[in-house]
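Take a look at the fold below. The paragraphs after it walk through the chain, from the whole to a few single residues.

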Amino acid sequence: MDPRVARKVYDFFKFEGKVAIITGAGNGIGKATAIMMAGLGARVVACDIETERVNETVTEITRDGLTAMAFTCDITQPNQIQSLVDRTLEIFGTVDILVNNGATLGGGKLVDEVDEPEFDRLIDVNLKGVYHFIKAVLPIMRAKQYGKIVSVSSVAAIAGDFSDIHYSAAKGGVIAMSKTLARELAQEKINVNVVAPGLTNTRMAHEWEFPSALERFHRIGEPEDMAAAICFLASDAAGYFSGQVISPNGGEYMQ
């Protein structure tokens, strides 16, 4: 390949000089995304409610000479989110990318087992957590007329699942909210997109559905499969993508 062409391709996908906040970065998809994005040059702000786990992610990144910081953050608490964003601005001066990956599962509950507090729990984490983080970074992105917001939904939001209506409802809300935001922010050069993973080899999947799912699918996705889609949507290569839902799912669902 002509080196000049190779350089142009690289420039599309690199993150040098960019600051990325990634939620749920202590495990699974969030951790894989933080590592991949840092490897492509981003300065990563990794946050998770599990302090030890997110510290491990940042240690793994920084020992390779890359830049990352760890924050403990409960995404249901707007004050903690704002403190994280404020601290990011103090240290790095801006926010270019937000990856909303922090989430929790429903536990395989059928509709009769989902009472109102349980329904609210999933909405608070999986939907309102995304809303609060977007609200916190939008003033920064609007001020410079640039930003990439990628939120992680689920194939369950577009194809349904065998249980956990509250999980599907919250993840479906992420898609609807993102599509509306994409229209609202189009003139401000802020791209808003969604990755809706199929079953992925993460700790959460093992805690609930993984053994039975192995019988249904020929291959389970790896966190890096999802991280690659997230990094693409967060890159300038996806500059004309907004309001889109990409679902890496190995054929679990075909639109």
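What follows is a short tour of the sheet, its helices and some of the residues between them.

This is a predicted model; local features need pLDDT of at least 70, side-chain atom pairs count only at pLDDT 80 or more, and totals for chains, interfaces and linings use all residues. Residues are numbered from 1 along each chain as its sequence is written, and side-chain values use heavy atoms, with hydrogens and water left out.

Start with the whole chain. It has 10 helices and 7 strands. Both kinds of element are DSSP runs, numbered from the N terminus: helices are H or I with at least four residues, strands are E with at least two. Of the 255 residues, 49% are buried. Here buried means under 20% relative accessible area, exposed means over 50%, and partly exposed lies in between (1.4 Å probe, protein chains only). The chain exposes about 12,100 Å², and carbon and sulfur atoms supply 53% of that area. Such areas come from the Shrake-Rupley method with a 1.4 Å probe; for residues, only the protein chains shown count as cover. A contact means heavy atoms within 4.5 Å. Among contacts between residues at least 6 apart in sequence, 70% join residues at least 24 apart.

Now the sheet. In what order do the 7 strands lie? The order is β3-β2-β1-β4-β5-β6-β7, in an open sheet with parallel pairing. The edge strands are β3 (68-72) and β7 (245-246), and each pairs on one side only. Two strands pair if DSSP finds at least two bridges between them. Strands of a sheet pair through backbone hydrogen bonds, either parallel or antiparallel.

Go along the pairs. β1 (residues 19-23) and β2 (residues 43-48) share 5 bridges. There, Val 19 stands opposite Arg 43 of β2. β4 and β5 pair over 4 bridges, and Val 99 has Val 150 in β5 as its bridge partner. β5 and β6 pair over 6 bridges, with Ser 151 opposite Val 194 in β6. Finally, 2 bridges join β6 to β7. In β7, Ile 246 stands opposite Val 195.

How much of β5 is buried? The count is 6 of its 6 residues, so β5 is largely enclosed by the rest of the structure. In a regular strand the side chains alternate between the two faces of the sheet. In β5, Gly 147, Ile 149 and Ser 151 are buried on one side, and Lys 148, Val 150 and Val 152 on the other. β6 is mostly covered too, with 6 of its 6 residues buried. Its one side holds Ile 190, Val 192 and Val 194; its other holds Asn 191, Asn 193 and Val 195.

α5 (residues 116-144) touches β1, β2, β4 (97-100), β5 (147-152) and β6 (190-195), and its direction makes about 175° with that of β4. α3 (residues 51-62) lies across β2 and β3, running at about 180° to β3. For these angles, axes are lines fitted to C-alpha atoms, for helices over the stretch in contact, and angles run from 0 to 180 degrees between N-to-C directions.

α2 (residues 28-39) has 12 residues and reaches 17 Å from its first C-alpha to its last, close to the 16 Å expected. That expected span is 1.5 Å times one less than the number of residues. Its buried residues include Ile 29, Ala 32 and Met 37. The buried residues of α2 pack against β1, β2, α3, β4 and α10 (223-234). After α2 comes Gly 41, whose phi is positive, near 110°.

Ile 175 sits in α7 (residues 165-185). It is buried, at 8% relative accessible area. Leaving out residues up to four places away in sequence, Ile 175 touches Ser 153, Ala 157, Ile 158, Val 194 and Val 245. Thr 94 lies in the loop between α4 (78-92) and β4. Is Thr 94 buried or exposed? Thr 94 is buried, with a relative accessible area of 16%. A polar contact of 2.6 Å joins its side chain to that of Lys 144. A polar contact is a pair of N or O atoms within 3.5 Å; within protein, one must be able to donate a hydrogen and the other to accept it, and residues adjacent in sequence count only if both atoms are side-chain atoms. Asp 120, in α5, counts as partly exposed at 35% relative accessibility.
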